[in-house]
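Let's take a walk through this structure together, starting with a word we'll need for its side chains and then moving on to the sheet, the helices and the charged pairs.

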Amino acid sequence: MTIRHLYSGRRALIIGVTGQDGGLLASQLLDKGYEVHALVRRTPAHPESRLKAGAGEVDPRVVLHRGDLADLASLVRTVNRAEPGEIYNFGGCGGSAESFDEPEHALETDGLGVLRLLEAIRICGRVATTRYLQVSGPAPFGRPDDAPQSETTAFKPDSPHAVAKACGHWLTRIYRQTYGLHACTVIMFGHESPTGPANGVLRGITLGLAKVVSGEAVAFDVGELLDYRYDVGCAAEYVEAAWLLMQQARAADCVLATGELHSGRELIVRAAEEMGMRLRWEQAGDAVLGVLAEAFGAAAGMEVGRVVVRARAAELPASVQPLQGDGTRAFELLGWQPGRGIDELVRELVAADLARQLALRR
């Protein structure tokens with residue numbers, strides 16, 4: 001892929017390096033020859049620099065700076081010390097459901113935290129020399145009226161987390177318009193990897209089924225996941241696209257998505273077959289049961305007829321549109337589109353989670 005407008009800055013600061021996306025970006029930037037810096041919080045569990053990024057440790061080549069999105073002084077100090085040409089903000093305080101338990105923390109981190117980071121760039125006099133990327137998921141769309149969702153779709157946030165992310169998104173655009181900061185926003189629809197969180201839709205499925213196959217769990221409860229539809233892609237590809245966006249001559253806003261929807265039931269069937277299980281579905285009162293119809297491969301020896309998956313039927317209002325991204329602008333602006341299909345992604349996650357669980361049970 002040819003990049004027409006390659007930015008010469010080769011020192012980057014990552015917020016959220018211990019998460020899936022930040023960890024993947026750090027690895028990619030190091031491979032590209034960047035000097036990579038990261039903002040990390042000092043905690044009792046990690047008083048020094050041995051911090052986790054997904055399933056592994058932060059690469060020792062990453063320069064760590066202690067600070068917090070809730071502390072403007074630490075952000076100013078970090079920006080002054082790192083002197084980054086690019087800043088990527090993957091920071092966040094969790095998902096929509098969790099934010100109802102700590103709404104103030106959600107707004108403090110994902111809303112005011114973005115404001116402090118943008119102010120740190122301005123206070124340090126780096127508006128002309130630093131590029132900024134604000135990352136969010138599709139939460140700000142809330143329950144949209146139309147599908148698919150693009151850069152022009154109206155936000156309808158329905159949780160403190162979604163409100164905070166919408167705030168960070170709009171603050172970024174305001175600093176671009178007001179101060180001339182090269183500030184981009186990207187909305188990443190579902191994207192997963194073997195180092196992703198266990199509460200991701202697809203990762204939750206592959207990990208749950210791997211626990212059943214390994215003998216750690218008797219069955220896997222998926223709640224109301226069966227009939228919901230999901231737009232999910234490869235995290236490494238989405239992170240690469242975020243970097244491509246930062247290399248453009250003009251700052252822009254992009255949605256990254258596959259545009260394809262897969263039901264929870266479909267994803268479970270695909271992952272189960274990859275592990276050696278063919279399922280049949282049975283209704284039992286209000287419950288939906290995935291029963292083992294055939295076992296082979298890694299699942300050979302499991303008892304046919306046993307319940308592998310437990311679920312609850314969900315009543316989906318016809319008026320609620322699915323979260324489905326429209327990646328047209330990313331293709332037009334970056335020449336980017338997802339390269340790995342759902343089958344390849346399922347195979348990758350199944351292989352990683354099954355190997356990990358079987359090794360733990362030995």
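A residue is called buried under 20% relative accessible area, exposed over 50%, and partly exposed in between (1.4 Å probe, protein chains only). Keep in mind that this is a predicted model, where local features need pLDDT of at least 70, side-chain atom pairs count only at pLDDT 80 or more, and totals for chains, interfaces and linings use all residues. Residues are numbered from 1 along each chain as its sequence is written, and side-chain values use heavy atoms, with hydrogens and water left out.

Start with the sheet. Helices (H or I, at least four residues) and strands (E, at least two) are DSSP runs, numbered from the N terminus, and two strands pair if DSSP finds at least two bridges between them. Here, 7 strands form an open sheet with parallel pairing, in the order E5-E2-E1-E6-E7-E8-E13. At the edges sit E5 (63-66) and E13 (253-256), each pairing on one side only. Look inside the sheet and you'll find E6 (residues 86-89) joined to E7 (residues 131-136) by 4 bridges; Ile87, for instance, has Tyr132 in E7 as its bridge partner.

Now for the helices. Contact means heavy atoms within 4.5 Å; axes are lines fitted to C-alpha atoms, for helices over the stretch in contact, and angles run from 0 to 180 degrees between N-to-C directions. Helix H5 (residues 160-179) lies across E7, E8 (182-188) and E13, running at about 155° to E8. Elsewhere, H1 (residues 20-31) and H7 (residues 235-246) cross at roughly 65°, their axes coming within 9 Å. Among the residues that meet there are Leu24 and Leu25 from H1 and Val239 and Trp243 from H7.

What about charges? A salt bridge is a side-chain nitrogen of Lys or Arg within 4 Å of a carboxyl oxygen of Asp or Glu, and by this rule the count comes to 20. One of them joins Lys32 to Glu240, with the closest N and O atoms 3.3 Å apart. That pair links distant parts of the chain, 208 residues apart: Lys32 is in the loop between H1 and E2, and Glu240 in H7. Lys32 counts as partly exposed because its relative accessibility is 32%.

Asp59 and Arg61 also meet through their side chains in a salt bridge (3.0 Å, N to O). Is Arg61 buried or exposed? Arg61 is exposed, because its relative accessible area is 51%, while Asp59, at 24%, is partly exposed. Finally, Arg11, Glu35 and Glu83 are linked in a network of salt bridges.
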